[in-house]
Amino acid sequence: NDAAQRWLEEGLALCRLLDLRQPIANALANLGMLAAHRSAFPTARTYTEESLQINRTLGNRQAQRQNLN
């Protein structure tokens, strides 16, 4: 849904501005799922890989598992 994507992108921009690492990773993961749902697989991969990298840096193993699922 276009509204969901806009909300996620706006939230991501705000989180990046405030350097809120876990919320950034969460927004990226959600954008990745939305892109995959739309069959935009290269975009989904880009979002998910960035989310995974942040979660690895933060040591968030549960989120890493979700990224890899």
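Modeller: Let's start with burial: a residue is buried when its relative accessible area is under 20%, exposed when over 50%, and partly exposed in between, using a 1.4 Å probe and protein chains only. This is a predicted model, where local features need pLDDT of at least 70, side-chain atom pairs count only at pLDDT 80 or more, and totals for chains, interfaces and linings use all residues. Residues are numbered from 1 along each chain as its sequence is written, and side-chain values use heavy atoms, leaving out hydrogens and water.

Biologist: Is Gln64 buried or exposed?

Modeller: Gln64 counts as buried because its relative accessibility is 14%. This residue sits in helix 4, where a helix is a DSSP run of H or I with at least four residues, numbered from the N terminus.

Biologist: And what is Gln64 in contact with, beyond its neighbours within four places in sequence?

Modeller: Contact means heavy atoms within 4.5 Å. By that rule, Gln64 touches Leu52, Asn55, Arg56 and Gly59.

Biologist: Is Leu68 buried or exposed?

Modeller: Leu68, also in helix 4 (residues 61-68), counts as exposed because its relative accessibility is 59%.

Biologist: Which residues make up the largest nonpolar core?

Modeller: In soluble globular proteins, nonpolar side chains tend to be buried together. A nonpolar core is a set of buried Ala, Val, Leu, Ile, Met, Phe, Trp, Tyr and Cys residues joined through side-chain atoms within 4.5 Å. Here the largest has 9 residues: Leu12, Cys15, Ile24, Ala25, Ala27, Leu28, Leu31, Tyr47 and Ile54. Helix 2 supplies the largest share, 5 residues.

Technical notes. Helices (H or I, at least four residues) and strands (E, at least two) are DSSP runs, numbered from the N terminus.
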